[in-house]
Amino acid sequence: MLPADRLILATALALLCPWAAQAASLCERTVLPFRAMVAALKAEPGVQVLRGNGSVIEIEDPKRFIIWTLYKAHGDQPDAYICRRVVQEDGQVKIWMSAECVGRTLNCDGLIGRLLLEQNRAAAPLRR
């Protein structure tokens, strides 16, 4: 390898490594900004939008047993994503849930908490 090639390779690695280290993952997917995340999920074969109003969208991926809830940033709230995956573990069916915020994450914990509370209230009548 020529010295110039080594310099180019070293520069490329130096530029890409910080990006790779910052790339968050959620349910085995790279977390992207809202529009890109929605487009990437919709592009998967078999997925369907369960509900969407522009700022909130719910997407079902039946092949992977996942339901995504994506919230678009608003005001000082960041983009927020919740992934629910149905798994079978030790002979039991369980739901693994994880969440991630994109962009300004200062208010992430509070936002995710409020969104989950809202969803639990909406689902309460279904549990009776």
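V49 has I59 in β4 as its bridge partner. That pair belongs to a predicted model, in which local features need pLDDT of at least 70 and side-chain atom pairs count only at pLDDT 80 or more, while totals for chains, interfaces and linings use all residues. Residues are numbered from 1 along each chain as its sequence is written, and side-chain values use heavy atoms, with hydrogens and water left out.

Now for the overall layout. The protein has three helices and seven strands; here helices (H or I, at least four residues) and strands (E, at least two) are DSSP runs, numbered from the N terminus. Going along the sequence, the pattern reads α-β-β-α-β-β-β-β-β-α. Of the 128 residues in the protein, 27% are buried, where buried means under 20% relative accessible area, exposed over 50%, and partly exposed in between (1.4 Å probe, protein chains only).

A contact means heavy atoms within 4.5 Å.

On to the sheet. Five strands form an open sheet in the order β3-β4-β5-β6-β7, with antiparallel pairing; two strands pair if DSSP finds at least two bridges between them. At the edges stand β3 (48–52) and β7 (92–102), each with a single partner strand, so one side of each is left without a neighbour in the sheet. From one strand to the next, the twist averages 15°. Four bridges join β3 and β4 in the antiparallel sense. Their hairpin has three residues between the strands, and G54 takes a positive phi near 100° there.

Which residues have the most contacts inside the largest nonpolar core? They are I59, W68, L70 and Y81, in a core of 16 residues. A nonpolar core is a set of buried Ala, Val, Leu, Ile, Met, Phe, Trp, Tyr and Cys residues joined through side-chain atoms within 4.5 Å. At least two residues of this core come from each of α2, β4 (56–61), β5 (66–71) and β6 (79–89), and α2 gives the largest share, four residues. Setting aside neighbours within four places in sequence, L70 touches residues including F34, M37, L41, I59 and Y81. A second, separate core has nine residues, among them V56, Y71, A80 and I112.

Finally, P78 sits in the loop between β5 and β6. With 3% relative accessibility, P78 counts as buried. P78 and L111 are 33 residues apart along the chain, and their C-alpha atoms are separated by 8.3 Å.

Note on methods. Axes are lines fitted to C-alpha atoms, for helices over the stretch in contact, and angles run from 0 to 180 degrees between N-to-C directions.
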